[in-house]
Amino acid sequence: MARLVLAVMLLLNAAILCSGGITSEFVRLQESAVDMPLHADVFRMPPGYNAPQQVHITQGDHEGRSIIVSWITPSEKGSSTVFYGTSENKLDQHAEGTVTMYKFYTYTSGYIHHCVLTDLKYDRKYFYKVGEGSAARLFWFKTPPEVGPDVPYTFGLIGDLGQTFDSNVTLTHYESNPGGQAVLYVGDLSYADVYPDHDNVRWDTWGRFVERSTAYQPWIWTTGNHEIDYAPEIGEYVPFKPFTHRYHVPHKSSGSGSPFWYSIKRASAYIIVLASYSAFGKYTPQSEWLEQEFPKVNRSETPWLIVLMHSPLYNSYNYHYMEGETMRVMYEPLFVTYKVDVIFAGHVHAYERSYRISNVAYNITDGKCTPTSDLSAPVYITVGDGGNQEGLASSMTEPQPNYSAYREASFGHAIFGIKNRTHAYYNWYRNQDGNAVEADSLWFFNRVWNPREES
Ligand SMILES: [Fe+2]
């Protein structure tokens with residue numbers, strides 16, 4: 001009897017494991033994700049005349065001592081000043097911002113303010129106020145600890161969020177997860193471009209929807225294909241116009257000439273943001289910048305090297321299949337040479353984690369086109385599972401490739417928790433579970449300080 005039970009268990013295991021890792025058999029509702037209506041409470045305008053809305057913050061320099069505060073005033077320009085301080089009752093510092101706006105076909109944006117708060121102290125709670133009179137609004141954020149090799153720090157990972165009821169579940173789930181101190185956002189924000197004429201009102205609703213998190217902790221922005229907003233049929237020829245007006249990033253402080261690729265240090269992590277939809281071939285500005293960037297990373301100062309991009313380089317779903325291949329050919333040798341710990345991407349509306357593998361042995365003539373185990377290679381993680389209206393990517397290539405460790409078509413978010421220079425704990429949470437349930441988890445070993453194989 002025991003032998004029979006064992007045989008059945010082995011059979012079941014074989015069905016789940018295929019030839020690669022695990023394809024989760026978790027069963028979920030297959031209903032398509034639906035955008036929340038314009039009157040949904042999460043899109044509500046803040047009260048008061050010309051009250052600031054869509055408040056969001058991001059890191060404002062290379063080291064984590066600055067914050068960019070951005071917001072929109074709908075009716076008139078108003079003040080671009082941010083009052084701030086370490087006590088709620090004593091906002092004794094202030095900074096002047098700038099204001100911009102844009103038109104997109106028949107849409108005219110509100111007044112978009114960006115203000116940089118500089119020379120902040122590390123590891124402090126700051127309160128800040130935007131707006132005027134009775135419509136002024138007060139928020140707070142925490143600065144990161146000083147950059148150093150053993151500083152614990154916890155990042156949230158969210159991608160392809162959109163503004164559906166499922167997006168709301170994802171964001172709520174992330175917020176109720178006590179760990180996340182900053183969000184690494186892997187692109188595709190509002191999905192306004194799926195509306196007729198790229199209805200930019202949906203950029204505004206998205207800004208109001210996510211404010212409950214973006215006003216209180218920095219979201220580190222990566223651009224996706226839904227940020228391109230290229231629409232020649234209505235006379236809109238400038239790519240990324242809404243995104244670049246609404247979301248500022250500190251690209252100049254890492255010597256980048258473009259907001260689409262840049263780097264920051266935060267606590268014990270060095271984060272490189274790449275652009276899947278800007279030129280990245282040989283001699284392009286992004287390529288030249290990246291080649292100069294990697295040698296600057298000091299792993300004795302920031303042991304954890306994280307790369308963000310939108311389109312995944314390894315993806316075994318039948319959606320966006322091979323779209324990351326040109327960037328893989330260009331940049332994978334750099335990722336292996338410089339021992340990147342992990343690469344997070346979105347784009348595919350599902351979850352997948354790879355083993356440490358590389359395909360750098362391949363060239364056009366040698367035929368070595370199978371990814372192989374490589375302890376200098378990053379782990380590739382796709383978290384394009386925020387919940388946008390395009391729905392889940394549930395169709396997968398079969399059998400599961402050997403390099404794929406875990407894949408599941410569910411909405412969710414992830415947490416990357418750095419403990420010290422050698423260890424980081426990673427969890428992926430699916431929306432259907434409580435916060436205590438880890439659908440996929442892994443202890444990461446740092447590639448420079450602890451380059452063992454993770455199990
Ligand atoms: Fe995408």
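Trainee: Quick one to start: how many residues apart in helix α6 are Arg328 and Glu332?
Mentor: Four, so they are separated by about one helical turn. Their side chains meet in a salt bridge, 2.6 Å from N to O. A salt bridge here is a side-chain nitrogen of Lys or Arg within 4 Å of a carboxyl oxygen of Asp or Glu.

Trainee: What kind of model is this, and how are residues numbered?
Mentor: It is a predicted model, where local features need pLDDT of at least 70, side-chain atom pairs count only at pLDDT 80 or more, and totals for chains, interfaces and linings use all residues. Residues are numbered from 1 along each chain as its sequence is written, and side-chain values use heavy atoms, with hydrogens and water left out.

Trainee: Back to that pair. Buried or exposed?
Mentor: Arg328 and Glu332 are both buried. Buried means under 20% relative accessible area, exposed over 50%, and partly exposed in between, with a 1.4 Å probe and protein chains only.

Trainee: How many salt bridges does the count come to?
Mentor: The count is 18. One of them joins Glu236 to Lys241, with the closest N and O atoms 2.8 Å apart. Both Glu236 and Lys241 are buried.

Trainee: And which residue does Glu454 pair with?
Mentor: Arg356, in a salt bridge whose closest N and O atoms are 2.8 Å apart. Glu454 sits in the segment after β26 (440-445) and Arg356 in the loop between β19 (351-354) and β20 (357-358), so the pair ties together parts that are 98 residues apart in sequence. Glu454 and Arg356 are buried too.

Trainee: Which residues are linked in a network?
Mentor: Glu63, Lys265 and Glu301, through salt bridges.

Trainee: New topic. Which residues hold the iron ion?
Mentor: The protein donors are Asp188 (OD), Asn225 (OD1), His310 (NE2) and His347 (ND1), lying 2.1 to 2.2 Å from the iron ion. Donors are N, O and S atoms within 2.8 Å of the metal (3.2 Å for Na, K and Ca); water is not among the atoms, so sites may look incomplete.

Trainee: How are those donors spaced in sequence?
Mentor: The pattern is D-x36-N-x84-H-x36-H. Asn225 lies in the loop between β14 (219-221) and α4 (241-246), and His310 in the loop between β17 (304-308) and α6 (325-337), so this pair ties together parts that are 85 residues apart in sequence.

Trainee: Now helix α5. Which residues are buried there?
Mentor: Gln286, Ser287, Trp289, Leu290 and Glu293, in a helix covering residues 285-293. Seen down the axis of α5, they fall within an arc of 165°, so they line one face of the helix. That arc is of the directions from the helix axis to the C-beta atoms. Helices (H or I, at least four residues) and strands (E, at least two) are DSSP runs, numbered from the N terminus.

Trainee: What do those buried residues pack against?
Mentor: β15 (262-266), β16 (269-273) and α6. Contact means heavy atoms within 4.5 Å. On the face of α5 turned away from its buried side are the exposed residues Pro285 and Gln292.
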